[in-house]
Amino acid sequence: MGFDITLAKRPHKKWIGLTIAIIVLTTACAKVIPEKEFPRTIIPSADQFTFHIQNSPDSIRVLYLGCGHLIILYRQENIVIDPFFSTHGFTKSKLFSDTIAFRKYENLLKKQRVNLNDTKSVWIAHTHYDHMSDLPLLLEKKRIVSTTPIYGNEDGASILQNFLTPQQYHPLTKELTYNPKQPTPVSFINASTSISVLSIRSDHAPHYKIFGLPIHLMKGKLKANYFKKNFVRATDTTSRGQWKEGRTYSYLIDFKTNNHIDYRLFIQTSASHYPLGRPPLDVLRERPVDVAFLCAASSDYVKKKYPVNILRDLFPNHPAKEAKVVWIHWEDFFGEPLEFEKARLVRMTNFKGLGKRLRKGGFTPDSIHQVMPRPGTVVTIK
Ligand SMILES: [Zn+2]
């Protein structure tokens, strides 16, 4: 989120929208989490949650670190999604990777037995700062090593240009991604020896609506030169508004033994206008997902049937109430970095409405099948 505001299709109303947006957003406070808030299983202290599936003797561990940041571990290898931990206050327009936060981040990873040096690939869902802005620090500190491939939209290469080795960045071009609106044959990309990823063209919900008018932040053309000049060291300060969204992707991730799929996960780190973001239906019919990771923030600003529409496709063979869902990007990320015990609900999202839509669609959240983990939690799938 940020202050560089584009009003979808109504640019002449930009200034009215900007003024109202600033007033509303600065006065809307993040809410304390009521005890029985949707989907009722916010883990009270950062630790553990387990889904029992029993597809393989090996288990998957997913460390949730807030917003879309996940580290997914399988058999001594891991992949990293949307690296971000240096949160900044809501009114701050200047961003930087926080080295004090980095120490805290490292301690947390150590506690959860995660070694970033085991990372086989990094995946960036879109280029807003809250989905990638700490990747330069991880590269500079050699936690993500220079031979680790990074996948993301075409703007990502411009943002990271001073931190990458040649050929390290792989833009997710049309040829490499599945587009649900123009389906073509699909191919998974090998993310590690036993993990493969299908990247899917997705999109990004507006951040909020004012009087029915969608407000979409940090859209538009990215200035490559800005990052070339101003983002040379990972701790350099950049302007929040420069982190343009670019194309957005969701991921279907397979965990395999030889050619057999042990587990299949779906990850979507921003709410999307269906069918964008949805994996191919025939691929899902052949092998439905085991667990879906979906974004709670702004989930009421896409078509009203979200997320029921996509959940029905992801879990075609299950009674709806058995669908296993992890709700991510639910917490307000404008506080102190990694102060997870103080996590509050993200502002401007109607969580009760999300719960209502889920119940109406049969996906009634219960504490076995759905979880909204506090950042710092490891979700185990075994
Ligand atoms: Zn975003």
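Author: A residue is buried if 20 or more other C-beta atoms lie within 10 Å of its own. Please keep in mind that this is a predicted model.

Reader: Happy to. What makes strand β7 mostly covered?

Author: Strand β7 spans residues 119-123, and four of its five residues are buried.

Reader: Why does Phe-102 count as buried?

Author: The cut-off is 20 or more C-beta atoms within 10 Å. Phe-102 has 21 C-beta neighbours inside 10 Å, so Phe-102 counts as buried. Phe-102 is found in helix α2, residues 99-111. Leaving aside neighbours within four places in sequence, Phe-102 is in contact with Ser-97 and Leu-137.

Reader: Back to β7, then. Why is β7 said to pair with strand β5?

Author: Two strands pair if DSSP finds at least two bridges between them. Strand β5 (residues 77-81) and β7 have four bridges, in the parallel sense, so they pair. Across from Val-122 in β7 stands Val-80.

Reader: And what joins β7 to strand β8?

Author: Two bridges join β7 to β8 (residues 150-152), and the strands run parallel. With at least two bridges required, β7 and β8 therefore pair as well. Val-122 stands opposite Ile-150 in β8. From β7 the chain crosses through helix α3 (residues 135-140) to β8, in a right-handed β-α-β crossover.

Reader: Which residues have the most contacts inside the largest nonpolar core?

Author: They are Leu-70, Trp-123, Tyr-251, Ala-292 and Phe-293, in a core of 103 residues. Not counting residues up to four places away in sequence, Trp-123 touches Ile-79, Ile-81, Tyr-151, Gly-152, Val-197 and Tyr-251.

Conventions: Residues numbered from 1 in each chain as written. Predicted model: local features only at pLDDT ≥ 70, side-chain atom pairs only at ≥ 80, totals over all residues. Core = buried A, V, L, I, M, F, W, Y, C linked by C-beta atoms within 7 Å. Buried ≥ 20, exposed ≤ 12 C-beta atoms within 10 Å, placed from the backbone. Contact = placed C-beta atoms within 7 Å. Right-handed = clockwise from strand over helix to strand, strands pointing away.
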